[in-house]
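User: Hello! I am new to this structure and would like to learn how to read its features. Could you walk me through some of them?

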2 protein chains.
Amino acid sequence: MKAQAIASFGEPSVFQTIELPKPEVIPGHVLIRVAATSVNPVDFKLRRGAMPAIAPEFPAVLHGDVAGVVEAVGEGVTTFKPGDEVYGCAGGFKGMGGALAEYMLADADLLALKPKSLSMKEAAALPLVAITAWESLIYRAKIQPGQTVLVHAATGGVGHIGIQLAKWAGAKVYTTVSSKEKAAIARDLGADTVINYRQQTVEEYVAEHTSGKGFDVVFDTVGKDNLDRSFAAAGMHGTVVSISTRSTHDLSPLHAKGLTLHVVFMLLRMLYDTQRAEHGKILFNVAKLVDQGKIRPLLDPKSFRFSEVAEAHRYAESGQAVGKVVVEV
Amino acid sequence: MKAQAIASFGEPSVFQTIELPKPEVIPGHVLIRVAATSVNPVDFKLRRGAMPAIAPEFPAVLHGDVAGVVEAVGEGVTTFKPGDEVYGCAGGFKGMGGALAEYMLADADLLALKPKSLSMKEAAALPLVAITAWESLIYRAKIQPGQTVLVHAATGGVGHIGIQLAKWAGAKVYTTVSSKEKAAIARDLGADTVINYRQQTVEEYVAEHTSGKGFDVVFDTVGKDNLDRSFAAAGMHGTVVSISTRSTHDLSPLHAKGLTLHVVFMLLRMLYDTQRAEHGKILFNVAKLVDQGKIRPLLDPKSFRFSEVAEAHRYAESGQAVGKVVVEV
C-alpha cells in the first residue's frame, strides 16, 4: 500500500510517498481503508522530533485522526463489520500504524461509527479534539447547567468543540478570540459572549462579565502564559482545565481561590493501552450530538490531498488555520 | 473580659493580657465562653505579620479554633441554646473576634455541637484541621473504597485527621513519617503502610507499594518541594490535593499523567462569608465520627494555659510538636 511516511525527523519536506506492506488484521482490531485524516499539533511535534519517546519507528506513518471504511475485522470484534464507516484517533504513535496510508490497523475500542450527517473529510476533523474536549468538560470539569464557562481560543481545534459541548451541557459560554472574523465564527458556534483578548485584559473582562467574581470553569486550550490568565479568570472554588501544562507556574492564585486544576492529556489511554474503550464511547456520544445538530466540526477552507501533506503541515504550523486542517486521500 | 492580644506583629513575646469589652451578641451569632483553643500555622503567621491583609485589627485577638459553652444566642439562631457545648473555627481574622479571650462572638453557621466523647481541650484541636481534611478528601478528591491514598505528614495537624478520614472512607492508606516513634503513632491512627521518607525516595516507595503505578490520591499537607514529590507519587489520571501552593512548580508531571490538582484553602468560606454553613455541617459529621470512635484528635503531650500562649506559639513554631498544640483557659 502507499503511505506518506517519514524516514527522519525534520521539516515538512521529510514526508515521502513510499510503499509499505498492507497491515494484517489482528484480534481486537479492524483494518480501515483510510478516506481522510486531520492535522493535530501532536502530529507536527512528532514529525519535528519533539516527542521521540512516543514517535513511531521509521519509516514512520504519522497521524492519529482517521475516517474511513472497515475493510476487515479481527477476532473478537463484534462492534464493527466490513463496510462500516468509522472514525477515531487510533495511531500514529510508537507501535501503532498511522492514518497517512491507504490502510490503517486500529484498535476497535478507539473507534465509533462516524456521524451519518458528516462527510469523511468532516468526520476526520473530530476525533482527537472532540475526545479532548469531552474528557475536559464532561468527565473532568463535570460542567453543570447555568455555570459560567470560559473557553479559550474559540476557533482552535479543541476550542471550537469546547464551545459547542459547553453550550449543549447548559453552560453560559464565554470565549476568547483575536479578531472580528473569529468573533463571528465563535458566535455562530454558540458562544453567548465573545471576548477579544487583544482589546481587554483578564481583569477587565472578569469585571465586565462576572462582576469581578471570575468564571466557574475556565478551559485553557493554549497553555504557557495563557494558563496564568486562566488561573486569574477563575472564580473562588473554580475549576481550570488545561490540555497543556509542560511549563512552570506560580500556583499562588490556586491557593488564594481554592481552585481545582484538571490536566487532560488525551493520548494517555491510547498510548498506555488502558481504558481505550472510553474513547470509542465518547466518539459514539459525539456522533449522536453531531447527528442531532448540536456539534459540528470547523474546517479550515483550505484542504489538502495525501500527496500534499507537507503543505498541510506547513499551513497548520503557521497558525493561520481556522479550525482543523484536513487531508484527504 | 480578659484577652491574650497583640498590639503589633512580631515574636511570641508580643502577646499581652489585656482587658477588652465583652462582645454583644448579634443576629446569626452566638457568644461562646471559651474553654480551649489550639494553635494552627495560620495563627503564628498572622502573629508574625505574614498575612496583614486578613489579620484582625489591633489590639488583635488571634486564634480561630475554639471549644466552649454557649452563653447567649443572637436573633435567628435556632441551632444552639445557652449551655450547649460547641466547637468550631470561627474567628481570629479581620472583622472577627478571636478565641484567645474569655468570650468569643462566632457565626452560628461555623459551629457544631462538640463531640460528646471529647473534653473541651480535645475538641479545640479539631476544627481547622478536620474541616481541611474533610474538604480535601471527601468534598474534593471524593475518595472511594479501595483507592490507594497517600497522606503526607502522618503526625501533622491535618495529616493525622487525613489518615483516619481516608481509612473511614474505605481507602488503602499510606503515610509518610520521619521517625520510628511517628511511625508507631501513624499505625495507631490506622495507616495500612507507613513510609519513612528519610529512608526511601518517592521512586522507591512508589515501586515498592504500587508496582511503580503511583497512588490514586496523594494528600499533600506540606507544600513547596513536597508538592513536587506528590506530583511524582501520583498515578496516571490520579489526584493530588494540596493545602499549600503558594510556590512555583514545573507542571510537566501533571501533563504526563493527566493529573487533577485540588487546592484547598480552608479559610475561604469563613473569610469571604460564603457558604459558611458547610463548615458547621462538616463539624457535625466529624463529631458523629468522633463519637463512633472513627476519628480522634492527636494532641501533643505538652499543653498550655492562656497566659502561656507565647510559649505555646514558640513550641508549635519549633516544629517539635506531634499533633496539635492546645491552649486552655
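User: Where is the place of T175(B)?

Analyst: T175(B) sits in strand β10 (residues 172–177) of chain B. Helices (H or I, at least four residues) and strands (E, at least two) are DSSP runs, numbered from the N terminus. A word on the ground rules: this is a predicted model, in which local features need pLDDT of at least 70 and side-chain atom pairs count only at pLDDT 80 or more, while totals for chains, interfaces and linings use all residues. Residues are numbered from 1 along each chain as its sequence is written, chains are lettered from A and ligands numbered from 1 in the order in which they are written, and side-chain values use heavy atoms, leaving out hydrogens and water.

User: Is T175(B) buried or exposed?

Analyst: Buried means under 20% relative accessible area, exposed means over 50%, and partly exposed is in between (1.4 Å probe, protein chains only). T175(B) has a relative accessible area of 0%, so it is buried. Contact means heavy atoms within 4.5 Å.

User: What is D250(B) in contact with, leaving aside its neighbours within four places in sequence?

Analyst: The partners of D250(B) are R246(A), S247(A), T248(A) and F231(B). D250(B) belongs to strand β14 (residues 248–250) of chain B. With a relative accessible area of 37%, D250(B) is partly exposed.

User: How do I read two packed helices?

Analyst: Two packed helices are described by the angle between their axes and the distance between the axes. Axes are lines fitted to C-alpha atoms, for helices over the stretch in contact, and angles run from 0 to 180 degrees between N-to-C directions. Here, helix α1 (residues 41–48) and helix α11 (residues 309–317), both of chain B, have axes that come within 10 Å and cross at roughly 110 degrees. That makes α1(B) roughly perpendicular to α11(B). For the wording, angles under 35 degrees count as roughly parallel, over 145 as roughly antiparallel, 65 to 115 as roughly perpendicular and the rest as oblique.

User: Which residues make the contact between α1(B) and α11(B)?

Analyst: From α1(B) come D43(B), F44(B), R47(B) and R48(B), and from α11(B) come H313(B), A316(B) and E317(B). The buried residues of α11(B) are V309(B), A310(B), A312(B), H313(B), Y315(B) and A316(B). Among the elements of chain B that these buried residues pack against are α1, β3 (29–39) and β16 (299–305). After α11(B) comes G319(B), with a positive phi near 80 degrees.

User: At what angle do α3(B) and α10(B) pack?

Analyst: Helix α3 (residues 127–140) and helix α10 (residues 277–291) of chain B pack at about 95 degrees, their axes 10 Å apart. They are therefore roughly perpendicular to each other. Among the residues that meet there are I131(B) and W134(B) in α3(B), and I282(B) and L289(B) in α10(B).

User: How do I read a pair of aromatic rings?

Analyst: A pair of aromatic rings is described by the distance of the centres and the angle of the planes. Rings of Phe, Tyr and Trp (its six-membered ring) pair if their centres lie within 6.5 Å; planes under 30 degrees apart count as stacked, over 60 as edge-to-face and the rest as tilted. The count comes to 10 aromatic pairs over all chains. One of them is the tilted pair of Y205(A) and F215(A), 6.4 Å centre to centre with 50 degrees between the planes. This pair links helix α6 (residues 202–210) of chain A, which holds Y205(A), to strand β12 (residues 215–220) of chain A, which holds F215(A). Both Y205(A) and F215(A) are buried, and together with Y174(A) they form one aromatic cluster.

User: Which residue lies over the face of Y315(A)?

Analyst: K302(A) does, at 4.6 Å from the ring centre. A charge sits over a ring if NZ of Lys or CZ of Arg is within 6 Å of the ring centre and within 35 degrees of the ring normal.

User: Which peptide bond of chain A is cis?

Analyst: The bond from F58(A) to P59(A) is cis, with omega near -10 degrees. P59(A) is in the loop between α1 (41–48) and β4 (60–61) of chain A.
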